[in-house]
Amino acid sequence: MRKPLPDPLLSIGELARRTGLSVSAIRFYETKGLVKPLRTSGAQRRFPRSDIRRLSFALIAQQLGLSLEEIARALAGLPQGRAPSRQDWARISGQVRAALDTRIALLERTRENLDGCIGCGCLSLDRCALYNPGDRASRAGAGPRFLLGDRASDFGEV
Ligand code: FES
């Protein structure tokens, strides 16, 4: 088994500088269990340098729309007490990839339909008469059905 890489300890200020997160944001992530700092004899927090990757992952995942619960669940799969290896990260990436794929699909549908009918029920665009006559998309439920994954052809001829 490969010897774990050294994981030097950083202060919360050093972690904030490198991640671009505020000290209060890092403390918030700590309260959510995303990072678990060690304490010096003077009760100061010290974070393994590998926490930079955990926090950077959390920062980007939040910007991509993952909830803190989803992020905490994913990061809980990483080992504590040593720097997670590439294999450790690969192991948790499966869950995250599925969540990201869902968001990417929503983003792509939104980009493709920005100027078209999104099946929301407003019937305010000329295309609505073609793609969502009589708001038939509402049969599938509330919300912009064509952005949520339904197709106009699911409700009849287009
Ligand atoms: S855009 Fe709202 S129903 Fe077509």
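Domain bounds here come from an automatic or database domain assignment. The model is predicted.

**View 1. Two domains in the protein chain.** The assignment gives domain 1 as residues 9-119 and domain 2 as residues 121-158. Their C-alpha centres lie 37 Å apart. In domain 1, Cys 117, Ile 118 and Gly 119 lose the most area to domain 2. Together these three account for 59% of what that side buries.

**View 2. The interface of domain 1 and domain 2.** Interface size is often given as the accessible area lost when the parts come together. Between them, the two domains bury about 910 Å². Carbon and sulfur atoms carry 64% of that area. Nine residues of domain 1 contact 14 residues of domain 2.

**View 3. Polar contacts and residue classes where domain 1 meets domain 2.** Four residue pairs are in polar contact between the domains, both residues being at pLDDT 80 or more. The side of domain 1 that touches domain 2 has three nonpolar, four polar and two charged residues. How many salt bridges does the rule find across the interface of domain 1 and domain 2? The count is zero.

**View 4. An open sheet of three strands.** The strand order is E1-E3-E2, and the pairing is antiparallel. Strands E1 (9-10) and E2 (38-39) stand at the edges. Each has a single partner strand, so one side of each is left without a neighbour in the sheet.

**View 5. Pairing of E2 with E3.** Strand E3 spans residues 45-48. Two bridges join E2 and E3 in the antiparallel sense. Arg 39 has Arg 45 of E3 as its bridge partner.

How values were computed:
Residues are numbered from 1 along each chain as its sequence is written. This is a predicted model: local features need pLDDT of at least 70, side-chain atom pairs count only at pLDDT 80 or more; totals for chains, interfaces and linings use all residues. Side-chain values use heavy atoms; hydrogens and water are left out. Two strands pair if DSSP finds at least two bridges between them. Helices (H or I, at least four residues) and strands (E, at least two) are DSSP runs, numbered from the N terminus. Contact means heavy atoms within 4.5 Å. Buried area is the accessible area (1.4 Å probe) that two parts lose on being put together, summed over both. A salt bridge is a side-chain nitrogen of Lys or Arg within 4 Å of a carboxyl oxygen of Asp or Glu. A polar contact is a pair of N or O atoms within 3.5 Å; within protein, one must be able to donate a hydrogen and the other to accept it, and residues adjacent in sequence count only if both atoms are side-chain atoms. Ala, Val, Leu, Ile, Met, Phe, Trp, Tyr, Cys and Pro count as nonpolar, Asp, Glu, Lys and Arg as charged, and the others, Gly among them, as polar.
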